[in-house]
Amino acid sequence: MFSTRLLKQASYSRVMIQIQVAGMKNFQPPPDYSHIQLPEKPKLQFKDKVPTYPSNLKPPKMSKRLTFMRGPEPIHTEFIHKQYGIVALCGGRLHSGHIEMIRMTINRKMDPSKMFAVWRIDSPWQPLTRKGQGKRMGGGKGAIDHYVVPIKAGRVIVELGGKCEFEQAFPFLKEVAHILPFKAKATSYELMEAEKIEQQRLKNANINPYTAEYVIRNNMGGCHTWISPIDKKWYFKYV
Amino acid sequence: MSVIESTTRLINLQRLLKPWIPTTTAIRWRTRKPNIQRPIPDHYVKARFKAALEPIYPDPLMDKPWFEKCGNILQTKEKEETSKYEELLAKEFYKKFAESQLIAVFHENSSKAYELLKIKQMIHGHNMKMVFGSRKIATLALVGTEFEPVLRLHEGKTAYLCSKDLHVPKLLKFVKKMNHLVLLAGVVQGRLITKSQLQWVATLPDINMLRAELCSILSSHTIQLSQSLTYQQQQLTQSLEQLVKKDSETSTDGSETSADGTS
């Protein structure tokens, strides 16, 4: 009586057993990387923190120039090597600390025998000035504190290529993208192409006859009284 | 009535024609630098505009038939991928079928490998082979060929016994010894027949004898025709032969009597 009750309890318990079955395997040949050539220096190169000026030239100070961060990136939006990389989703600035972080993380995590990485941004060139801590207003513009690279939304920051799959590169590229001071993502060329197709499809499927472009171009609702000049260019998409 | 109407009209006109003093106020706006990463929330008018300008997508299920609208009714099976090895196995499978004159179709119950070994030993040397194949491989091999009807029997584990000779009694004798295999049907010279038909085929004599019988049946009419055409001539020749025989007998008798001297 006692023994059967125990057996019943045992039958109700859920034990996950992995049964190994000999089945027909379909091993596909490995992907062909014969068209990919690895460069001599696969790792990311060091970038100067300060731009070099001729010795007679005083390093010029510069205004804030937020226009360098505003709006979409018109040129550097595609991958040259058509593989993987990090793309900025929002505008921002990268200083030498960020650049060093990107360089060290990628150089450490990648496999130089199979992968190579390439910078797609300039070295820091825009001077940012700072006044001393606790100083009062006035007394001219502050001294140059550090240099930055302004980034626009959609810009490619770093490209990674080589004899590897996206799944191999994605973990550390994602890590780097998350640490950047602006929204960024790690993607591949195929994903970007698919996204473009999807955007076009959504645009065509939209049955709302009123789009931001149409409304702004036709000054509907008298919106020209309150929209910004950039809204006439980018139609509410960018700040 | 008309007096009331005209007075209301006057009052409305007065409302419209009231002097309107235009006022202007200076608004301090766009003087803050925009924060690109943490933009300020849109003001009410802009937010209203943006809400109205949001894209509207039609319901993808609107014009679809009921069996596509109510989800998960149509279960689409994933397309099975065939590897090169499976294609090779299928080719071998078909080759064995094509080369054999007699195939027995069995349902395979579970058995031990030792029993299979005994079967293989039994059929060894009799130009027979046990053929095993999964449903996937059998379909690959036989679809579009003359053996396609055999696939209708391939439910569950199915085994085939392919014989290059057309000796059905021998096959049935072997089948009796196979305990775990259940005979379903047979394929005799590319023709699928039932189990009872197969047993009847076993009672028939040798194929060559049957072929000779068939030839004789086919030629019986021509033989009859030729016989009937040549009947008169044959009778004539027969009677002439008989006559010749008689004459030869009497002539010998005559020669004997002449020797004696009297006719």
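## Contacts around A:I106

Contact means heavy atoms within 4.5 Å. Leaving aside neighbours within four places in sequence, A:I106 is in contact with A:L44, A:A117, A:V158, A:L160, A:F172, A:L173 and A:V176.

## The model

This is a predicted model, in which local features need pLDDT of at least 70, side-chain atom pairs count only at pLDDT 80 or more, and totals for chains, interfaces and linings use all residues. Residues are numbered from 1 along each chain as its sequence is written, chains are lettered from A and ligands numbered from 1 in the order in which they are written, and side-chain values use heavy atoms, with hydrogens and water left out.

The scores are ipTM 0.81 and pTM 0.68. For chain B the average pLDDT (the predictor's confidence in each residue, from 0 to 100) is 88, and 88% of the residues score at least 70.

## Chain A

Chain A contains 6 helices and 7 strands. These are DSSP runs numbered from the N terminus: helices are H or I with at least four residues, strands E with at least two. Along the sequence the pattern is α-β-β-α-β-β-β-β-α-β-α-α-α. Of the 239 residues in chain A, 35% are buried (under 20% relative accessible area; exposed is over 50% and partly exposed in between, with a 1.4 Å probe and protein chains only).

## Nonpolar cores

A nonpolar core is a set of buried Ala, Val, Leu, Ile, Met, Phe, Trp, Tyr and Cys residues joined through side-chain atoms within 4.5 Å. The largest has 34 residues, and A:L94, A:I102, A:I106, A:I157, A:L160, A:L173 and A:F182 touch the most other members. Elements of chain A that each supply at least two residues include β1 (84-88), α2 (96-109) and α3 (166-179). The most comes from α3(A), with 6 residues. A second, separate core has 23 residues, among them B:L102, B:A159, B:V188 and B:L198.

## Two loop residues

Most residues other than glycine have a negative phi. A:R65 is not a glycine, yet its phi is positive, about 45°. A:R65 lies in the loop between α1 (2-12) and β1 of chain A, and is partly exposed, with a relative accessible area of 37%.

A:K82, also not a glycine, has a positive phi of about 55°. The loop between α1 and β1 of chain A holds A:K82, which is partly exposed at a relative accessible area of 46%.
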